[in-house]
Amino acid sequence: MLQLPKTCYIGLALSALATPASASEMFASDSPWMLGDWGGTRSELLEKGYDFTLGYTGEMGSNLHGGYDHDRTARYSDQFTFGSHLDLDKILGWHDTEFQLTITERHGDNISNDRINDPRVGGFTSAQEVWGRGETWRLTQMWIKQKYFDGALDVKFGRFGEGEDFNSFPCDFQNLAFCGSQVGNWVGGIWYNWPVSQWALRVRYNLNDEVYAQVGVFEQNPSNLESGNGFKLSGSGTQGAVMPVELVWTPRIQGLKGEYRAGYYYSNAKAQDVLKDSNGQPAALSGAAYRSSSSKHGMWLGAQQQVTSLASDQSRGLSLFANATVHDKKTNAIDNYVQAGLVYKGPFDARAKDDIGFALARVHVNPAYRKNARLANQAAGLYDYDNPGFLPVQDTEYSAELYYGIHLAEWLTVRPNLQYIRHPGGVSQVDGALVGGLKIQSSF
């Protein structure tokens with residue numbers, strides 16, 4: 001029998017407390033905060049330019065069928081977010097200037113690590129996206145942003161991740177293949193998504209009301225990934241820089257919102273070849289070190305478009321989305337990724353703020369990376385997948401997720417979901433996995 005973690009019971013119990021009380025009171029369903037308006041103090045501070053947030057995301061995953069290990073269990077992972085946003089125009093009189101400080105804490109376990117994926121090679125996607133980058137506290141955001149020329153030019157500097165501005169995508173799904181900046185999921189060694197931060201500069205120019213272009217420079221420092229460096233501010237360990245550029249179009253087509261992104265990234269840090277040594281021979285056979293490349297690069301495309309709406313409420317209706325990334329075949333394990341899906345908001349009149357989501361994704365492994373694994377097994381004389389020393393050969397992984405988002409209160413949404421992962425980690429010998437999930441998103 002599966003036992004839900006205590007945190008799940010806490011989240012479900014909170015939903016029972018959502019009442020139609022005044023929005024200023026604790027647990028009021030129409031309040032954006034579970035703890036209410038602090039007797040009006042919160043609204044007063046917001047009016048003066050001080051916005052304080054405490055957020056919580058919890059995710060449960062259970063392997064219902066298949067996967068690498070068929071022994072069923074449930075795992076829970078979560079994240080607390082402590083943020084403060086300051087409008088320095090209101091506070092200090094600094095025109096069009098904002099400051100953001102965010103600290104996060106993650107902990108828990110992920111069902112993908114040993115039940116879904118073969119632990120000898122791991123996986124690509126994750127059934128619990130909130131898990132990752134260590135069970136630790138981190139300085140996730142510390143930046144200042146200022147606008148110039150009546151808002152046409154927007155400059156942001158400090159510590160933050162690439163996915164905050166570039167290749168951005170919402171995170172309502174629980175599977176990582178449908179959540180957040182996808183570039184960071186497939187080149188995570190150089191592109192650090194939330195909750196990791198690094199020193200960065202982002203410059204955006206609004207060409208008109210619908211189109212803007214932006215460019216960034218991000219410190220590429222692997223030491224920022226270490227659990228003990230969550231609050232590291234020094235640049236020691238920096239290997240180079242990641243420089244993304246992006247063009248974003250945000251039209252209203254027949255009054256319905258859309259967002260279209262096209263971008264390119266370039267890293268000037270040295271990157272290791274996935275197959276060959278310095279003499280152009282397979283390193284797995286020669287025994288020599290893998291050769292070094294002077295750079296790494298890739299590109300992405302993204303689209304989100306609402307296609308239907310209700311005359312009575314334009315926020316309700318069907319939206320479609322798709323994302324794709326392409327990466328350097330010489331130095332990256334993943335050479336391409338594609339994803340598509342839909343979200344329907346307000347499916348029923350009685351549940352106008354609920355939402356339904358469905359998505360499919362394909363993650364494809366670089367043929368050179370696959371060849372390297374086969375040659376490594378050949379060199380070791382290993383041909384039996386069941387041998388502990390065998391290196392599983394990875395090819396293509398497919399993921400799907402269906403969720404229903406229950407909007408219990410303005411401050412609480414619960415999303416039960418069902419996921420299916422075919423060839424987890426791209427390993428064809430691993431059975432397709434059916435995962436039951438539950439995602440809780442709350443604002444205190």
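Which residue forms a salt bridge with Asp-165, and how far apart are the closest N and O atoms? The partner is Lys-156, and the closest N and O atoms are 2.8 Å apart. By salt bridge I mean a side-chain nitrogen of Lys or Arg within 4 Å of a carboxyl oxygen of Asp or Glu. Asp-165 is buried, and Lys-156 is buried as well. Buried here means under 20% relative accessible area, exposed means over 50%, and partly exposed is in between, with a 1.4 Å probe and protein chains only.

Okay, some housekeeping. This is a predicted model, so local features need pLDDT of at least 70 and side-chain atom pairs count only at pLDDT 80 or more, while totals for chains, interfaces and linings use all residues. Residues are numbered from 1 along each chain as its sequence is written, and side-chain values use heavy atoms, with hydrogens and water left out.

Back to the charges. Searching the whole structure turns up 22 salt bridges. Take Arg-75 and Asp-114: they form one, with the closest N and O atoms 3.0 Å apart. That pair links distant parts of the chain, since Arg-75 sits in strand β2 (residues 74-87) and Asp-114 in helix α4 (residues 112-116), 39 residues apart. When I say helix or strand, I mean DSSP runs numbered from the N terminus: H or I with at least four residues for helices, E with at least two for strands. Is Arg-75 buried or exposed? Arg-75 counts as buried because its relative accessibility is 17%. Asp-114 has a relative accessible area of 29%, so Asp-114 is partly exposed.

Here's another one: Asp-349 and Arg-316 meet through their side chains in a salt bridge, 3.1 Å from N to O. This pair also links distant parts of the chain, with Asp-349 in the loop between β15 and β16 (355-365), Arg-316 in the loop between β13 and β14, and 33 residues separating them. Asp-349 counts as exposed because its relative accessibility is 68%. Arg-316, at 7%, counts as buried.

Salt bridges that share partners join Asp-154, Lys-156, Glu-164, Asp-165, Arg-202 and Arg-204 into one network.

Now for some strands. Strand β5 (residues 153-160) pairs with strand β6 (residues 198-206) in the antiparallel sense, over 8 bridges. Pairing means that DSSP finds at least two bridges between two strands. If you want a spot to look at, Gly-158 has Ala-200 in β6 as its bridge partner. On we go to strand β7 (residues 211-220), which pairs with β6, again antiparallel, over 7 bridges. There, Val-203 has Val-215 in β7 as its bridge partner. How many residues does the hairpin use to join β6 to β7? The hairpin goes through 4 residues. As a general point, side chains in a regular strand alternate between the two faces of the sheet.

Next, a couple of single residues. Asn-323 is in strand β14, and at a relative accessible area of 7% Asn-323 is buried. The Asn-323 side chain makes a polar contact with the side chain of Gln-339, at 2.9 Å. A polar contact is a pair of N or O atoms within 3.5 Å; within protein, one must be able to donate a hydrogen and the other to accept it, and residues adjacent in sequence count only if both atoms are side-chain atoms. Then there's Thr-57, in strand β1, which counts as buried at 14% relative accessibility.

The whole-structure search finds 3 cavities of 30 Å³ or more. The largest cavity holds about 40 Å³. On a 1 Å grid over the protein atoms alone, a cavity is a set of points where a 1.4 Å probe fits but cannot get out, and a pocket is an open set with protein on both sides within 12 Å along at least five of seven lines; lining residues have an atom within 4 Å of a point. Points are joined across faces, edges and corners, and a volume is the space filled by probe spheres set on them. Lining the largest cavity are residues including Trp-33, Trp-38 and Phe-52, and the elements giving two or more residues to that lining are α2 (41-48) and β1 (50-67).

The second largest pocket has a volume of about 620 Å³. Its lining has 29 residues, with Gln-304, Gln-306, Ser-319, Val-343 and Lys-345 nearest the centre.
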